[in-house]
Amino acid sequence: MRTQVGIVGAGPAGLMLSHLLHRHGIDSVVLECRSREYVEHRVRAGVLEQGSVDLLCRTGLGERLQREGMRHEGIELRFDGESHRVPLTELTGRAITVYGQQEVVKDLITARLDAGGQILFDVDDVRLDGLDTDSPVIRFRRDGREEELHCDFVAGCDGFHGVSRGSVPDGVLTTYERTYPFAWLGILAAAPPAVDELIYARTERGFALYSLRSPEISRLYLQVAPDEDIADWPDERIWAELRARLETVPGWSLNEGPILEKGITPMRSFVVEPMQWERLYLAGDAVHIVPPTGAKGMNLALADVALLGDAFAAWYGEGRTNLLANYSRTALRRVWRAQHFSWWMTSMLHRLDGEDAYEAKLQSSTLRYVATSRAYATSLAENYVGLPEV
């Protein structure tokens, strides 16, 4: 097989890159080790920054997003038995939209297949060769047969556990990482949300987040120990703990319902530099991960490939190499801004192991400063809705 850009991974990054390349008249093939059904239904992030919404809409992917996505113009902070709203749109003129990652993936797959794009699902044993030549090859197995995809460039969009990053020789990449001493227990519940906007709650029992996916489905999270066993959390215990951490405002209560999914996600910060080597360009979770407190993961992936799409368009359309050469440096400015914001939100809202009274007072003071200072609230809002340029 022959194409111009071989893309490994059919998540939001890989699919969006393929879509953008198609709009520039550039051929691509996407390889994915999972089935189409799996990638269209795995529940991941659900908050889109304004820039991500704008990208989807201006590239012809906004019809269902605009119809079903839930635009939010603020978030709520709960701490010390009080509730404070951060008016995102009033402070920035921008907003967020709640629209699940799996819905973005469905829209992208439909668009690519309707345009005749090639997405090869259920491939395995993917290997990248010749990355330091002008003719890299992606070798893989499909339906028991060995196949090869010859291309000009390879885009590694296959996540933290994918093969792309590991295909770079030792000593080229530098890793920056932090592992947090807690995890999130997340549930998807068939319960109409009791909120119009997301609630971030800091309590002495730990952090909780009340989010939503639709007018009928709630998405909620609890801070737990990183080695917690999900088997130790029957539904009754989960709801009791959510009530204890969220029902801290007089007259407000949760809506409960059957829990459809539950799982525990560890928390980490991770960045690899550079995000490119020879003919390999890395994007999304393959090169950076943020704790979900700042709602940045999917948005960073989309921002990466927006840059990469323009860079490939400049190379193929005009013979310009500067955008490809500067891809990593340009992308990392936004990545590190998001890393700091996500770390800051995480540190401000979570109870730390061995936390003393001094640390707890600092967290409360920081939250109160956000609640009472327009300047500080604006900083949070700007980062949360997504900075136009970094």
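Leu 48 is in contact (heavy atoms within 4.5 Å) with Val 53, Leu 56, Leu 65, Ile 96, Thr 97, Tyr 99, Val 104, Met 298, Asn 299 and Leu 302, leaving aside neighbours within four places in sequence. A nonpolar core is a set of buried Ala, Val, Leu, Ile, Met, Phe, Trp, Tyr and Cys residues joined through side-chain atoms within 4.5 Å. Buried means under 20% relative accessible area, exposed over 50%, and partly exposed in between (1.4 Å probe, protein chains only). The model is predicted: local features need pLDDT of at least 70, side-chain atom pairs count only at pLDDT 80 or more, and totals for chains, interfaces and linings use all residues. Residues are numbered from 1 along each chain as its sequence is written, and side-chain values use heavy atoms, with hydrogens and water left out.

The largest nonpolar core has 69 residues. Met 16, Leu 48, Ile 138 and Phe 312 touch the most other members. Helix H8 (residues 297-318) gives the most to this core, with eight residues. In soluble globular proteins, nonpolar side chains tend to be buried together.

The protein has 12 helices and 20 strands. Helices (H or I, at least four residues) and strands (E, at least two) are DSSP runs, numbered from the N terminus. The radius of gyration of the protein is 21 Å, close to the 21 Å that the globule rule gives for 390 residues, so the protein is as compact as a globular protein of that length. This radius is taken over C-alpha atoms, and the rule is 2.2 Å times the number of residues to the power 0.38. The C-alpha trace spans about 65 × 40 × 40 Å along its principal axes. Of the 390 residues, 54% count as buried. Among contacts with a separation of 6 or more, 70% come from residues 24 or more positions apart. The protein exposes about 16600 Å², and carbon and sulfur atoms supply 47% of this area. Accessible areas come from the Shrake-Rupley method with a 1.4 Å probe; for residues, only the protein chains shown count as cover.

An open sheet of three strands runs in the order E3-E7-E4, with antiparallel pairing. Strand E3 (47-48) and strand E4 (70-72) stand at the edges, each with a single partner strand, so one side of each is left without a neighbour in the sheet. Two strands pair if DSSP finds at least two bridges between them. E4 and strand E7 (residues 96-98) pair over three bridges in the antiparallel sense. Arg 71 stands opposite Thr 97 in E7.

A further open sheet is formed by eight strands. Their order is E6-E5-E14-E15-E16-E13-E17-E20, and the pairing is mixed. Strand E6 (82-86) and strand E20 (288-289) are the edge strands, each pairing on one side only. Strand E5 (residues 75-79) and E6 are antiparallel, with five bridges. Leu 77 stands opposite His 84 in E6. Helix H12 (residues 374-385) packs on the sheet and touches E5, E6 and strand E14 (199-203). The direction of H12 makes about 60 degrees with that of E6. Axes are lines fitted to C-alpha atoms, for helices over the stretch in contact, and angles run from 0 to 180 degrees between N-to-C directions.

Strand E10 (residues 137-142) and strand E11 (residues 145-150) run antiparallel and are joined by six bridges. Val 137 stands opposite His 150 in E11. E10 and E11 form a hairpin with two residues between them. Asp 143 in the turn has a positive phi of about 55 degrees.

Other local features follow. Most residues other than glycine have a negative phi, and most peptide bonds are trans. Asp 125, found in strand E9 (residues 124-129), has a positive phi of about 50 degrees. Asp 125 is partly exposed, with a relative accessible area of 37%. Ala 295 lies in the loop between E20 and H8. Its phi is also positive, at about 55 degrees, and Ala 295 counts as buried at 16% relative accessibility. A cis peptide bond joins Glu 273 and Pro 274, with omega about -10 degrees. Pro 274 lies in the loop between strand E17 (259-273) and strand E18 (276-277).
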